[in-house]
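Reader: I've just opened this one and could use a guide. Can you walk me through it?

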Amino acid sequence: MSLVSRRRSLIGGGAMELLGGLIPLVLGGAGVLLLYQLLQRVRQRAYIQDAVVVITGASSGLGKECARAFHAAGARLILCGRDRARLQELVQELTEAADGKRKTYSPSIVTFDLSDTETVASVAEEILRCHGHVDVLINNAGVSYRGDVLTTRVEVHKEVMGINYFGSVALTQAILPSMVQRRSGHIAVISSVQGKIAIPFRSAYAASKHATQAFFDCLRAEVEQYGVSVSVISPGYIRTSLSVNAVTGDGSRYGVQDKNTAEGRDPREVAEAVLRAVGRKRKDVLLAGPLPTLAVYIRTLCPPLFFKLMASRARKEQRPKED
Ligand SMILES: NC(=O)c1ccc[n+]([C@@H]2O[C@H](COP(=O)([O-])OP(=O)(O)OC[C@H]3O[C@@H](n4cnc5c(N)ncnc54)[C@H](OP(=O)(O)O)[C@@H]3O)[C@@H](O)[C@H]2O)c1
């Protein structure tokens, strides 16, 4: 054998040895990962099965899909919204869908208007009377907004803040003492990517979601010592009626299905992600595609670039309704 071919076979042997050592390492790593995921899934199931879960804004969109996902996972649901008839329809659908494979419960209904914070204390009492306690409160209800700062009435800012921020704050504060007393509970809130970045012609909405992020971050720190968990879940665009139901600068309904919303993620997929986030007690979850995620990083790491991009977007969208 020549010197060159002997060297080649030595190198080949070394590579084979390295590969032989790597394969068990990779397989072992994959096995540990699979086992971890399996354990997570088992823990998630146990956490949700039989848990008393309150969902606000359960009459449509993401809230409705969350109701379906948590019901299928065995939660004892309390569905909230303003429209009793739509909630009753959902309860009937869920009750009829029970296939006996898993223990499920017929949901309860509590109707109220989140913008009426005066009534929230009595609403919380009604909620607590359903099962004696609440394990998970999901603050999902919300309203969006389209308009420019120049012409938007201050009442509109108050309306959006009233539902998205003060409504969730009031309900959370009303349910919280019972969780602290039991040294157990979980409060989740559906915020938005717009709770992390502010985009033009969404001032009232983005402000309400930024406030939401801040409030629930403070809450998380304050109540961890009492065994209460807090999850802030921030999705990107979801295919729901959010833009149709949005309020405009003069207080009227926007009534248009935006392109972005129409092309957004399937609400069923997002509801499954909410179920996983709650089941795994995730503290802060961004459920967005690569572009909005990049925008969040740019806002944090290079604010001047973010501001430039937003100003250029505002110029392009001079007319807010063209979005
Ligand atoms: N769709 C998106 O692109 C997107 C993206 C990020 C975050 N989000 C967030 O996801 C959450 C759910 O929105 P969605 O997309 O599912 O929109 P949606 O279909 O319009 O649902 C909004 C829900 O909120 C309820 N609600 C509105 N105002 C209320 C009030 N004053 N009192 C009580 N309930 C009220 C509505 O109930 P009624 O039947 O009583 O009207 C409805 O069930 C919101 O917090 C929203 O900000 C949505």
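Reader: Over residues 51–241, what share of the chain is helix and what share is strand?

Author: First, some ground rules: this is a predicted model, where local features need pLDDT of at least 70, side-chain atom pairs count only at pLDDT 80 or more, and totals for chains, interfaces and linings use all residues. Residues are numbered from 1 along each chain as its sequence is written. Helices (H or I, at least four residues) and strands (E, at least two) are DSSP runs, numbered from the N terminus. Over residues 51–241 the end C-alpha atoms are 29 Å apart, and the chain is 46% helix and 18% strand.

Reader: Which feature does UniProt place at residues 51–241?

Author: UniProt positions are given in the numbering used here, with shortened feature names, and annotations may be inferred rather than shown by experiment. The entry is unreviewed, and for residues 51–241 it lists "domain: Ketoreductase".

Reader: In what order do the 7 strands of the open sheet come?

Author: Two strands pair if DSSP finds at least two bridges between them, and the pairing here is parallel. The edge strands, β3 (108–111) and β9 (284–287), each pair on one side only. Going across, the order is β3-β2-β1-β4-β6-β7-β9.

Reader: How many bridges join β6 to β7?

Author: β7 covers residues 228–235 and runs parallel to β6. I190 stands opposite I233 in β7. The number of bridges joining β6 to β7 is 6.

Reader: Which helix gives the most to the shell around the ligand?

Author: A residue is near a molecule if its C-beta atom, placed from the backbone, lies within 6 Å of it. There are 29 residues around the ligand, and G57, G61, R82, G142 and T240 come nearest. The top helix gives 3 residues to the shell and spans residues 61–72: that's α2.

Reader: Is R183 buried or exposed?

Author: R183 lies in the loop between α5 (154–182) and β6 (185–190), and has a positive phi of about 55 degrees although it is not a glycine. A residue is buried if 20 or more other C-beta atoms (placed from the backbone) lie within 10 Å of its own, exposed if 12 or fewer, and partly exposed in between. Because R183 has 10 other C-beta atoms within 10 Å, it is exposed.

Reader: And F201, buried or exposed?

Author: F201 is in the loop between β6 and α6 (203–223). It also has a positive phi, about 70 degrees, although it is not a glycine. Since F201 has 22 C-beta neighbours inside 10 Å, it counts as buried.
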